[in-house]
Each structure stands twice: as C-alpha cells, then as structure tokens.
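This report describes one protein chain, element by element. Please keep the sequence and the structure in view while reading.

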Amino acid sequence: MFKKYLALDVGDVRIGVARSDAMGMFAHPLEVIDRTKTKAVKRVQELCRQENTKSIVVGIPKSLDGQEKRQAEKVREFIEKLNSSIEGLEIIEIDERLSTISAERMLNETTNKDARGKRKVVDKIAAAIILQTYLDMKK
C-alpha cells in the first residue's frame, strides 16, 4: 500500500505546501498559504482531506551548526495546533537546513521572475525539497 504525504515549509508570513504522488515517491509543489489572509491550520486540514492523507512532513529550521533557534520553536507551536485540530495526524519532522536557499537558487537558475514573483513560489518549492528529502531517506 502506498502512502501520500504533504510537506510544510512553515514561515511567519507564508507556508509552502508540497504533496507527494500517489505512490509516495516524488514531491510536487502545491501552494503557498498566506498566513495574513488565510487560517493556516484550517487550510492544512482542507488539504489533508483533498489529498487524502494524514501524514505531514514538516521542516524544522536549524542553523548551520545544527542548533535550533526561535523559528524552530514557532514551527513546533504550529505543529501543536495541527495536532490538536486534525485527528490521527502523523507529523514527521526533518531538518530543513538550506531548503529555502536551495529553492531560491533553483528559481534563479530557471526563471527570470522578479523578487515578488519568486516570493510567491519559493516557499512551495522549499516544501517540495523538504518532502523529496524525506522520500529519498525512506528508500
């Protein structure tokens, strides 16, 4: 039996979301949730229902030396909100060090969008990198 996953790149303003394919092998960028305009927990709940999954991979930000800073605490606070709102949720935390930097480099190499255009997609690409990292680790 194959398992589908969602992945989240949680930021203060935006949350990048990615999903796996039906076989749980490949990650695809899905959307960016604007936390200033959308109730993020409710939207993740809707996405779990739409994607038929209760397994979410969440990137935990760490500094280059592996230390967790304040942003990691904020991500864990968001995880707690998800856990209390979505019954039976499986949260998988992984180190997301450099995922946003990798996503930005990828965008710089493949597109000529302006900074505003890149901001609209970089978070979901970072979420796809987080998810693909996890899927590759499972192999």
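Which residues are buried in H2?

## Helix H2

The model discussed here is predicted. In H2, the buried residues are Ala72, Val75, Phe78, Ile79 and Leu82. They lie on the same side of H2, because the arc they cover around the axis is only 120°. The opposite face, turned away from this buried side, carries the exposed residues Glu80 and Ser84. S1, S2, H1, S4 and S5 are the elements against which the buried residues of H2 pack.

The length of H2 agrees with expectation: its 16 residues should span 22 Å at 1.5 Å a residue, and its end C-alpha atoms are 23 Å apart.

## The chain as a whole

The chain has 4 helices and 5 strands. Read from the N terminus, the order of elements is β-β-β-α-β-α-β-α-α. Of the 139 residues in the chain, 42% are buried.

Among contacts in the chain with a separation of 6 or more, 59% join residues 24 or more positions apart.

## Strand pairing

S2 and S3 are antiparallel and are joined by 7 bridges.

S4 (residues 55-60) and S5 (residues 90-95) run parallel, with 6 bridges between them. Ile60 has Asp95 in S5 as its bridge partner. Together with helix H2 (residues 70-85), S4 and S5 make a β-α-β unit, which is right-handed.

## Helix H1 and the residue after it

H1 covers residues 40-51, and its 12 residues reach 16 Å from the first C-alpha to the last, close to the 16 Å expected at 1.5 Å a residue. Which residues of H1 are buried? They are Ala40, Val41, Arg43, Val44, Leu47, Cys48 and Glu51. Their arc around the axis is only 160°, so they sit on the same side of H1. Arg49 and Gln50, on the other side of H1, are exposed. The cover over the buried residues of H1 includes strand S1 (6-10), strand S2 (14-20), strand S3 (27-34), S4 and H2.

Asn52 follows H1 and is placed in the loop between H1 and S4. Most residues other than glycine have a negative phi. Asn52 is not a glycine, yet its phi is positive, at about 55°. With a relative accessibility of 68%, Asn52 counts as exposed, because the cut-off for that class is over 50%.

Asp9 and Ile130 are 121 residues apart along the chain, while their C-alpha atoms are separated by 7.6 Å.

Glu96 is found in the loop between S5 and helix H3 (99-110). Glu96 has a relative accessible area of 9% and is therefore buried, the cut-off being under 20%. Which residues does Glu96 contact, leaving aside its neighbours within four places in sequence? They are Asp9, Gly59, Ile60, Pro61 and Ile130. One of these contacts, Ile60, is the residue bridged to Asp95 in S5, and another, Asp9, lies in strand S1.

Val122 belongs to helix H4 (residues 115-138). With a relative accessible area of 6%, Val122 is buried. Along the chain Val122 and Asp9 are 113 residues apart, and a distance of 10.0 Å separates their C-alpha atoms.

Notes: Residues are numbered from 1 along each chain as its sequence is written. This is a predicted model: local features need pLDDT of at least 70, side-chain atom pairs count only at pLDDT 80 or more; totals for chains, interfaces and linings use all residues. Side-chain values use heavy atoms; hydrogens and water are left out. Two strands pair if DSSP finds at least two bridges between them. Helices (H or I, at least four residues) and strands (E, at least two) are DSSP runs, numbered from the N terminus. A crossover is right-handed if, with the strands pointing away from the viewer, the path from the first strand over the helix to the second runs clockwise. Buried means under 20% relative accessible area, exposed over 50%, partly exposed in between (1.4 Å probe, protein chains only). Contact means heavy atoms within 4.5 Å. The expected span of a helix is 1.5 Å times one less than its number of residues. The arc is that of the directions from the helix axis to the C-beta atoms.
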